[in-house]
Amino acid sequence: MRLQFFGKLSIAEQLDEGYRIGIRRHNEEVTKNRHILSRIIDCVKFCGAFELALRGHNESESSDNPGIFRGLVDFVASLDGVLKEHLENASVFKGTSKTVQNELLDCMLSVMREHIIQEAQNSDFLSIQADETTDIATQCQLVLVLRYIDGKSNVQESRAINTVFEHREGLIRCFETIRDSGDFDPVTTREAGGFAMLLEDQDFNFFLQLFHNIMPHVDILYAKLQKKDIDSVHIKGSIQQFQQDIQKIRNSLHSLVNQSSEGASQPKRRRLLSPDVHERIATEVCDTILQHTMERFCFTSHLVSATLLQADRFEQYTVAFPEDALSRTLKAYPVLNGSKLKTELSLIYCKEEFRTCCGAVDLLQLFKENNLEEVFSETVTLLKILITTPMTTAEAERCFSTLKRVKTFLRNSMTQERLNALAMLSMEKRMVTEIIDFNQKVIEKFASQKELRATFIFK
């Protein structure tokens with residue numbers, strides 16, 4: 001026999017409705033809390049990207065120096081009513097404490113590491129650079145630089161001489177004015193007179209002009225070597241061009257010496273170096289630069305493979321195929337199929353469209369854009385090896401420069417975990433912006449750390 005109350009729901013239905021209402025209210029609260037935490041994460045990301053100190057001298061409500069993070073949170077709250085209400089009324093979890101900052105930084109570092117590891121695992125080739133330095137707190141810091149090609153075929157990684165030469169006459173007038181005015185102390189007057197005499201010295205002017213001719217080529221080479229996507233094909237051409245430019249300067253030293261001797265004024269107290277001595281010293285300078293360049297950038301046998309893909313040699317290779325370079329390449333990289341690679345290279349050398357490529361990265365992009373990766377599979381493999389191989393230590397030095405800006409004298413007690421996260425936020429700021437739902441991934445890790453934060457997890 002079934003009993004039922006007329007006009008009323010059963011207990012089961014009432015419980016189900018109450019359960020649904022409870023879940024809906026819980027999820028609304030979670031959505032609100034995640035919005036608040038996402039704004040706080042944005043503030044931490046901003047400070048990390050621009051290498052700003054998060055904490056201030058006193059972070060209390062009445063402090064005049066609460067720190068950049070607290071000031072940024074207050075500014076965002078002035079534009080976001082939900083965050084403002086939370087900061088005014090929160091009693092259990094406010095989200096602005098040092099502990100929460102550190103936990104959020106740990107979560108961000110974890111998300112970035114997982115993203116990098118995932119990309120590295122999906123890459124065909126990977127190179128690792130390791131370097132170390134001592135920070136301001138005399139602690140040894142190790143930096144690891146991973147170089148690889150991501151899914152989009154992207155590689156993941158002023159001079160005072162010219163100023164003095166170009167403004168020499170103005171500097172002389174300035175120093176003479178300081179020396180003769182009588183308005184400066186004796187030390188300044190004496191130093192200004194010494195600088196004026198130095199700028200008028202014939203020997204000084206000769207070497208100033210010599211290095212004025214050399215340094216622009218050094219600057220060009222320096223700028224090329226600092227690029228993250230530098231590869232062995234491009235760097236070899238850059239080194240060869242630099243050596244040719246220095247050799248031209250060396251060959252023109254005789255005319256430079258004659259030009260310097262014609263317009264020189266005789267010194268009063270010091271004996272001048274003869275033009276022959278000028279030319280001999282200048283020759284030694286050029287020879288030293290050329291020798292150091294050859295020693296510093298000498299390629300080992302396995303990097304001779306870069307010559308196979310130098311576009312400026314393709315026309316030459318159509319006449320005489322580089323058999324020696326190919327055999328050394330196959331010996332260095334047994335993974336390559338020699339006969340297929342030779343066939344592909346022979347076809348590449350004959351095609352005009354490939355001769356316009358500048359470097360291995362440009363050539364690989366051309367293959368991808370025209371869907372030729374399977375047709376030239378061995379060449380693509382060789383290109384990936386060349387691109388992945390690190391050419392300079394510039395990226396490691398960039399990391400050390402970031403370390404100096406993050407861990408300063410006033411922040412030398414920073415813990416290692418906090419330093420790692422802040423340095424990573426600065427060095428990989430572009431990656432942070434490119435990761436889809438970065439804030440949501442950080443929130444998920446943050447919410448899973450403690451049961452107290454169950455209000456960040458949907459039911």
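How exposed is Glu323, in relative accessibility? Glu323 comes out at 40%, which counts as partly exposed; here buried means under 20% relative accessible area, exposed over 50%, and partly exposed in between (1.4 Å probe, protein chains only). Some notes to go with that follow.

1. This is a predicted model, where local features need pLDDT of at least 70, side-chain atom pairs count only at pLDDT 80 or more, and totals for chains, interfaces and linings use all residues. Residues are numbered from 1 along each chain as its sequence is written, and side-chain values use heavy atoms, leaving out hydrogens and water.

2. The chain has 20 helices and two strands, taken as DSSP runs (helices H or I, at least four residues; strands E, at least two) numbered from the N terminus. Of its 459 residues, 40% are buried.

3. Glu323 pairs with Lys342 in a salt bridge (2.6 Å, N to O), the term meaning a side-chain nitrogen of Lys or Arg within 4 Å of a carboxyl oxygen of Asp or Glu. Lys342 lies in helix α14 (residues 338-350) and Glu323 in helix α13 (residues 323-332), so the pair ties together parts 19 residues apart in sequence. Lys342 is partly exposed too, at 32%.

4. Glu284 and Arg280 also form a salt bridge (3.4 Å, N to O). They sit four residues apart in helix α11 (residues 275-296), and so are separated by about one helical turn.

5. In helix α1 (residues 11-49), Asp42 and Lys45 are three residues apart and meet in a salt bridge (3.6 Å, N to O).
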